[in-house]
Each structure stands twice: as C-alpha cells, then as structure tokens.
Amino acid sequence: MALAPNTYVAPFGAIATHTVVARLEAAFSAFVEWNTKRKTVKILSQLSDRELNDIGLIRGDLDNIPTRF
C-alpha cells in the first residue's frame, strides 16, 4: 500500500501575505492592550487616595497595573 503525500506547494506570495497579516494582527493586539491600560490608569488616577486604598492600591501602583489579570 502506497501512501499519498499530504504536502503541497503554497501558492506564490502566500507565505509573504501570511507574514504581513500576522504582523498586522500583532500590532493591532499590542495597540488594544496599550489603549486598555491607558484608559484604566486614567480612570484610576481620578480616584482619591482613600478610594484607591479601599481597593488595595496606592498612587504609585498605577504605573505597574497589569494589562491582563
């Protein structure tokens, strides 16, 4: 019994197109993460020190807020 090859040659430009699309997706994802962190820090910076203390933060923690929990 012979096995049929399951590989094929990618069409011309497919790999380059995939690379460009992957880089655009990564850039967009990085932008979304940056913007989410920026908005979160902006909202938290409007709170008073007492309100920040209520949620377990101090003003110095705002620069080190993780983008994902």
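Start by selecting Asp49 and Arg59: their side chains meet in a salt bridge, 2.9 Å from N to O. A salt bridge here is a side-chain nitrogen of Lys or Arg within 4 Å of a carboxyl oxygen of Asp or Glu. Asp49 lies in helix α2 (residues 49-54) and Arg59 in the segment after α2, so the pair ties together parts that are 10 residues apart in sequence. By this rule the count comes to one salt bridge. Arg59 counts as partly exposed, at 36% relative accessibility.

Some ground rules before moving on. This is a predicted model, with local features needing pLDDT of at least 70 and side-chain atom pairs counting only at pLDDT 80 or more, while totals for chains, interfaces and linings use all residues. Residues are numbered from 1 along each chain as its sequence is written, and side-chain values use heavy atoms, with hydrogens and water left out. Helices (H or I, at least four residues) and strands (E, at least two) are DSSP runs, numbered from the N terminus. Buried means under 20% relative accessible area, exposed over 50%, and partly exposed in between (1.4 Å probe, protein chains only).

Next, select Leu47. Leu47 sits in the loop between α1 and α2. Leu47 is partly exposed, with a relative accessible area of 27%.

Move to Thr40, in helix α1. The Thr40 side chain reaches the backbone oxygen of Thr36 at 2.9 Å. That is a polar contact: a pair of N or O atoms within 3.5 Å; within protein, one must be able to donate a hydrogen and the other to accept it, and residues adjacent in sequence count only if both atoms are side-chain atoms. Thr40 is partly exposed at 31% relative accessibility. Show Ile65 too: Thr40 and Ile65 are 25 residues apart in sequence and 8.5 Å apart, C-alpha to C-alpha.

Now select Phe31 and Trp34. A search of the whole structure finds one aromatic pair. The ring centres of Phe31 and Trp34 are 5.7 Å apart and the planes are at 35°, so the pair is tilted. Rings of Phe, Tyr and Trp (its six-membered ring) pair if their centres lie within 6.5 Å; planes under 30 degrees apart count as stacked, over 60 as edge-to-face and the rest as tilted. Phe31 is partly exposed at 47%, and Trp34 is exposed at 51%.

Arg38 lies over the face of Trp34, 5.7 Å from the ring centre. The rule: NZ of Lys or CZ of Arg within 6 Å of the ring centre and within 35 degrees of the ring normal.

Last stop: Val32, in helix α1 (residues 14-45). Val32 is partly exposed at 36% relative accessibility.
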